[in-house]
Amino acid sequence: MQVENRLKNHYKRWNITSNDEEEFLKFKNRLIEVINKYLGDYLAENPDIDKRFKEISELDKANKPFVRKSKPIYGKGHPLNPYPLDDAIKGLLPSSYTKAGFGNTYIYEYMSACEDLQKLATALQITFWALEIKHDEIKEILSIIVKEIKRISVLTPSASFTVSIKGKQFKQFIVYPSGDQFLDKGIIDCTLSGLEDYPKASEAFEKALIIYQKGETSQYRNLLDNLRFALEQLLKKVLNNQKSLENQKNYLLPWLHDNGLHTQVVNLYEKLLSTYQDYQNNAVKHNEAFSFDEIEFMIYLTGNFMRLILQLASRTNDHHK
């Protein structure tokens, strides 16, 4: 058993708890340790990545603009103009510096200043984007970092996130909010990976996950709309038609039968999908009557719908090759 799981079980036995602020700080410090261990020197030696990170982060932060205004100019020797430095002051300054490290980067400063999990997740996501210019050099290192993030998340389940890897040749690293680890791996990660060949469905599903990650409750209506749209677009592509979700029954059920599913599983899929459509129409589309507690359930349910379709479609495509 991993040491992290042993420690987690020890916490449970002794009912050791931490508040949200402590949990977040632990996770942030562990994340920075991981970045420093595997990427610290690389980031310090590649200032173009740091520059790219700063450019993107400033777009996200929308910093106060610099507006020029007049300021006084002091001549040399004036008390408010200490330059050039006299010999006494120069003697107090270091003659040289040790090799630059991760602590010298803007990325480190930005992550260290993050005050909550959403800001830290944004910082990590921007880091992944900035590193895309060095994709071929470090894709394996980034894959290791993703595994390390999963490892450290065990100790702070209430203050962590997960990273999904998309793409085969060009890997993309997408930061998502953590749910149940078993469900995330089996449903969310596998669904995102399988949607690579279905860009419309993939884009809509990702939009829903991003809204959930940011905790934008005012956008939960859009989140649920995106889930429905993702499923609808996937079925259109797989079944090769332009039918709406409500009108796919006569095409979908025979397709499920033809791909080897048991009759009762097909019936169960039909009933669940029918109820799913009723929910979308009654609680979302025509009347915003949904509960915030339902959102995560609907994300996993939609992912489960799509994962089964993707598995069957993938097997069908393999047979035709």
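Where does Ser-153 lie? Ser-153 lies in helix 7. Helices here are DSSP runs of H or I with at least four residues, strands are runs of E with at least two, and both are numbered from the N terminus. Ser-153 is buried, with a relative accessible area of 4%. Buried means under 20% relative accessible area, exposed means over 50%, and partly exposed lies in between (1.4 Å probe, protein chains only). The side chain of Ser-153 reaches the backbone oxygen of Ile-149 at 2.6 Å. That is a polar contact: a pair of N or O atoms within 3.5 Å, where within protein one must be able to donate a hydrogen and the other to accept it, and residues adjacent in sequence count only if both atoms are side-chain atoms.

This is a predicted model, in which local features need pLDDT of at least 70 and side-chain atom pairs count only at pLDDT 80 or more, while totals for chains, interfaces and linings use all residues. Residues are numbered from 1 along each chain as its sequence is written, and side-chain values use heavy atoms, with hydrogens and water left out.

## The chain as a whole

The protein chain holds 13 helices and 2 strands. It has 321 residues, and 41% of them count as buried. Contact means heavy atoms within 4.5 Å. Of the contacts with a separation of 6 or more, 69% join residues 24 or more positions apart. The chain exposes about 19700 Å², with 51% supplied by carbon and sulfur atoms. Accessible areas come from the Shrake-Rupley method with a 1.4 Å probe; for residues, only the protein chains shown count as cover.

## Salt bridges

A salt bridge is a side-chain nitrogen of Lys or Arg within 4 Å of a carboxyl oxygen of Asp or Glu. By this rule the count comes to 11.

| Pair | Closest N to O distance |
|---|---|
| Lys-99 and Glu-45 | 3.2 Å |

Lys-99 and Glu-45 form a salt bridge. The pair links distant parts of the chain, 54 residues apart: Lys-99 is in the loop between helix 4 (87-90) and helix 5 (106-113), and Glu-45 is in helix 2 (residues 20-45). Lys-99 is exposed at 64% relative accessible area. Glu-45 is partly exposed at 49%.

Asp-48 is partly exposed, with 34% relative accessibility. Lys-134 is buried, at 17%.

Lys-207 and Glu-203 sit within one helix. They are 4 residues apart in helix 9 (residues 199-214), so about one helical turn separates them. An α-helix has 3.6 residues a turn, so residues three or four places apart point the same way. Lys-207 is partly exposed at 41%, and Glu-203 is partly exposed at 47%.

Arg-221, Asp-225 and Glu-288 are linked in a network of salt bridges.

The expected span of a helix is 1.5 Å times one less than its number of residues. Helix 2 has 26 residues and should span 38 Å; its end C-alpha atoms are 35 Å apart, which agrees. Helix 2 has a kink of about 70°, centred on Leu-39. The bend at a residue is the angle between axes fitted to the seven residues ending there and the seven starting there. The buried residues of helix 2 include Phe-24, Phe-27, Leu-31, Leu-39 and Tyr-42.

Helix 6 has 14 residues and should span 20 Å; its end C-alpha atoms are 20 Å apart, which agrees. At its start, a side-chain oxygen of Asp-116 reaches to within 3.2 Å of the backbone nitrogen of Gln-118. Among the buried residues of helix 6 are Leu-120, Leu-124, Ile-126 and Phe-128.

## Two further residues

Ala-313 is found in helix 13 (residues 295-320). Ala-313 is buried at 5% relative accessibility. Leaving aside neighbours within four places in sequence, Ala-313 is in contact with Tyr-198, Val-238 and Trp-255. The C-alpha atoms of Ala-313 and Gly-194 are separated by 9.8 Å, though the residues are 119 apart along the chain.

Asn-240 lies in the loop between helix 10 (220-239) and helix 11 (249-258). Asn-240 is exposed, at 71% relative accessible area. Phi of Asn-240 is near 60°, a positive value in a residue other than glycine. Most residues other than glycine have a negative phi.
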